[in-house]
Amino acid sequence: MALVLMMKGYLLFTIGVVLVYSLRHFIFTLNRLFGPQRIYYHDLMDSDLKTVTVIIPMHNEEKVAGHILDQLLQADYDWNKLEIIPINDFSSDGTQEILDLYASRYPQIKPLHRAENLRGKPAALNDALQVAQGEVIVVFDADYLPPPGIICKIAVCFNDPEVGAVMGRVIPINTGSNTLTRLLDLERSGGYQVDQQARYNLGLIPQYGGTVGGFRKDVVVDLGSFNTQVLAEDTELTFRLLLHGWKVVYANQAECYEESPETWQMRSRQIKRWSRGHNRVFFNYLIPLLRSSCLSLREKTDGVLLLMTYCVPLLLLLGFADSVALFFCGEIQIFSGILFLLFMAAYTTFGNFAPFYQIGTACLLDGSRQRVLLLNLLLFLFFFNTWYISCGFMEAVVDSLTSRRVPWNKTERYRCSA
Amino acid sequence: MIVLCCLLFLFLTVLPFWGGIRELIQKKDAAPLHIDMNYTKNPRYFAVSFRKILTAALPQHEPAAGLFSCTLSKPETVEIVETALINQGQTQAHVLFAKTSLVSGKQATFLKEIYVKERAIIGEGNQLRSLACDGDIRVLQGTSFTRWLDATGNIKVAPLCNLGLSATCTQQLSLAQHCRFKRLYGNPVTTAIPKKAVETPESSSLPFQEAAFTLPAKPATANQTRLQRDERLTFGSDAAVAGNQSHLGNIIALKTLFLGDGAIIHGDVKTHGSLKTGTQITITGNVFAEGDIHLGPEARIYGTVFSQGRVVCERGTIVGSSAGIKSIVAKKGIEFGAGIKVYGYVMTEGEGVVW
Amino acid sequence: MLQPVLKAPAHEERGKELIMYHRSYRKLPGSFRTILLQFLLCFILFAAPFFCFYPQVTKLLCQLSKTLLDSFFFADTIKITAIPYFKWVGDLYYLDLPGKLPTLAFSLGNILFSLMLLVFFGFTNYGKPLMISGAMITAIHLVASLFFLFAPGGFPYSAANYSELYIKQQIGIWFFMPLLLGMSILPLPAPWPTKFFAIAAAVLYSLVFGTLRYIVFLYIISQVSMLYMAILYFALGPLIDFVYGVGIYSLYLSWLLKKSKGNIALWRWY
């Protein structure tokens, strides 16, 4: 009897959690549609912008290395204040040769070849920070295609003395490749056009995403650089900055193309890695966040919900198992009427980090038309995400308990090399 | 009957997926969202782009006078003239290309774009769409633009003009009283002292003395401020820097910040509320506010001014210096008093107005 | 109640007609008050009637189902039963009918089939999300099959219980469907009659679908096997209701986007 009560209690708790998230995202949607939009600093013109180092971590990126360097060479930033450091991180393909070729032609490109110490993005970034000359560090992943004006848009926010990091908008370039990329495109739209912008509007916590973004070098170095034990170094940096009184801002107009994963296998690895890293940050930063004197109550509330993002799918999965167990215990009556419905409603709407109305709103704002018809198919992505995020959570628990070193898995590229 | 029910049930179960599956197969909207991969920020973008399109569409480098049909953004008729003299009350229906200058009388209306190669004088009460000029532009009282005006020389605007979405030039852009604007770009953008502006609108020299461009000396005892929160001056409530005080380092106020008369801040200022200043304050860095910014008379800001609310600059405010470009950007509106000088860019999504 | 899409732009917005701004800071005109009023109207028109008239609706549903299922049963084994629900509104009606328990061999066969499916889902890399969804549903069916194999007498529901449960759940769906659709559709920049038409379409779909599902479910558990109760409940239950709810939302939004293409007056900036 006590067990059944506990199971019912847990289910009510799960319903509560998903309802809180559903409400949160509904508020974000309404705010993005009708609320005053907090403008970013992209309209500022300033001839005295800070010096910038663009860092591009690369591991076996011969397919895309030339593309991103060509794009960056078209940047409209003052070249006396700009340097580019592509990091060849233990590459075994032709990445090194490509970088050396570019370096021989363009003195602004200063490759950093790594073949010793730790592998992985955080470690590579730490090494690059030691040689970077810029006051501001801008990071792009190797598969990104930055437009000429983006560095200026990213760097200008650091005129604000309170800004510690900035995040731009990621737009998939291979949207039409297959079903997965089309669904990820919807997910991205909802996440950036509505979610990040609404959080910026409402003075909550926009998240630094580790690419198409930047941060102050001296601040990050003073705070101990990147934690090589954490896979989600971007989320970790977001919270570290917040806890030290810095703000993260979101630049919706600083748009940059990326390449989405094109196979479900690659996506499963990516999302598991995100979940594993994000949940480590959740374990490490939940208490410090709640105790912080630098954050307002609304920032703390949003911070907790943000930290829990990759934990909720596991709660849902357990809730699902719980409901099945209750069904076989003959206690299904708990659901009769509204409760079961609410649970399922939240369940299906929250599925993909963004509920359907949030993604629909993003499509509306972006001026897309037919792609909104794919919303229903996100149902399958939801089951997929729930499973692999839950797996990532379990791995994060083991990571925390054993302090084992986490391997860095690179996302495969699909573009044809130049 | 039950078989029919089962089939209908199955049909209604899969029907909701039909739209998505059709889109997956037909790929009607499968292209990535468009990002302009050639875009770089240029305050004179509209005019530069128009000049480029028109010049490319014209038949030769020195086109003969007359009417000429071509395609700009859509099919247009371009009227090419040596010197354009538009009479009082006349309506110009075509795109106008003046090889030398343009002079218009009172109440003229221009329904299409204008490109003038030398000098343009726009008469009182004119209505224009857009004007690009490769020399100076002088706009007389009560004229209104719906889109933009741009000059590669100076622009001088008489009172009561509406400058549309953008007024830009490579040299001085001077505005008289009661002008309205959204975006301005000039080196510098100035507002004249009302009395003199009315009497002698041609006057090229401004009636105030600009403060020296050298930064004020820093207090000798202060340390260099580092970008760490603990070392910043952070106010948790309404706060004030007393008059004639000098502060070295950035200031971050979580509510309203007051700067007393003659206060000097060596650093950036950020406030989550409003910023209000007394007379003759100096800020060597940038100014950011989530609320309104009210700069008192003769304020001197060496950096950029940014507000999510309104910016009010009282008489004699100077922003930036001739050494570079700075901006005033305010989401909700900008108000300029007399004798303002801004080196660079002014922009609001609300309404800009000169008192 | 006029919607902004039909409005002429205000004087201060005319400039925006002429030069298209970037998508980043687009927003819509409108107020939370208008949306709230529309939401109240939606509640009064669509949700409240289901709550007020559920006795009549459920009775009609049962009568229709009974007519269709009567031929499969002996006289008096299938009957409409009334139980108290909300005392201020009235009784709730459901069909009382006998279920069909699975034989041992049938349960065993389902176990084997479920296990084979699980192995297939586990080892195939094709259509991963479908496989995961399928595996979750199959796992539920496996548990149900095991239950009937080892404790057939312990299964906690009769067909009548299930029927009652379904009706209660369906009332919830009918009540909440227009509210969920209202939350997502009403903020959109469209004339309000079209929004209410879309919500009405969802309600109608829900009525037809809910009725058909009731008939099909009862037919399966009474004529095929009660073994399928769990899988029917979890796989084709309220989850599917949200699928068509979202489907109608996406169709409506797609229509709206097509209709408003290039209509700059639709937007405000910042």
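Author: The bend at a residue is the angle between two axes, one fitted to the seven residues ending there and the other to the seven starting there. This is a predicted model, in which local features need pLDDT of at least 70 and side-chain atom pairs count only at pLDDT 80 or more, while totals for chains, interfaces and linings use all residues. Residues are numbered from 1 along each chain as its sequence is written, chains are lettered from A in the order in which they are written, and side-chain values use heavy atoms, without hydrogens and water.

Reader: Where does the kink lie in helix 9 of chain A?

Author: Helices are DSSP runs of H or I with at least four residues, and strands are runs of E with at least two, numbered from the N terminus. In helix 9 of chain A a kink of about 50° lies at Tyr285(A), shortly before the proline Pro288(A).

Reader: How many residues of chain C are in contact with chain A?

Author: Contact means heavy atoms within 4.5 Å, and here 58 residues of chain C are in contact with 65 residues of chain A. Buried area is the accessible area (1.4 Å probe) that two parts lose on being put together, summed over both; for chain C and chain A this is about 5,800 Å², 75% of it on carbon and sulfur atoms.

Reader: How many salt bridges does the rule find across this interface?

Author: A salt bridge needs a side-chain nitrogen of Lys or Arg within 4 Å of a carboxyl oxygen of Asp or Glu. The rule finds two between chain C and chain A, and Asp366(A) and Arg23(C) form a salt bridge at 3.9 Å, N to O.

Reader: Which helix of chain C gives the largest share of the side that touches chain A?

Author: Helix 9 of chain C does, with 13 residues.
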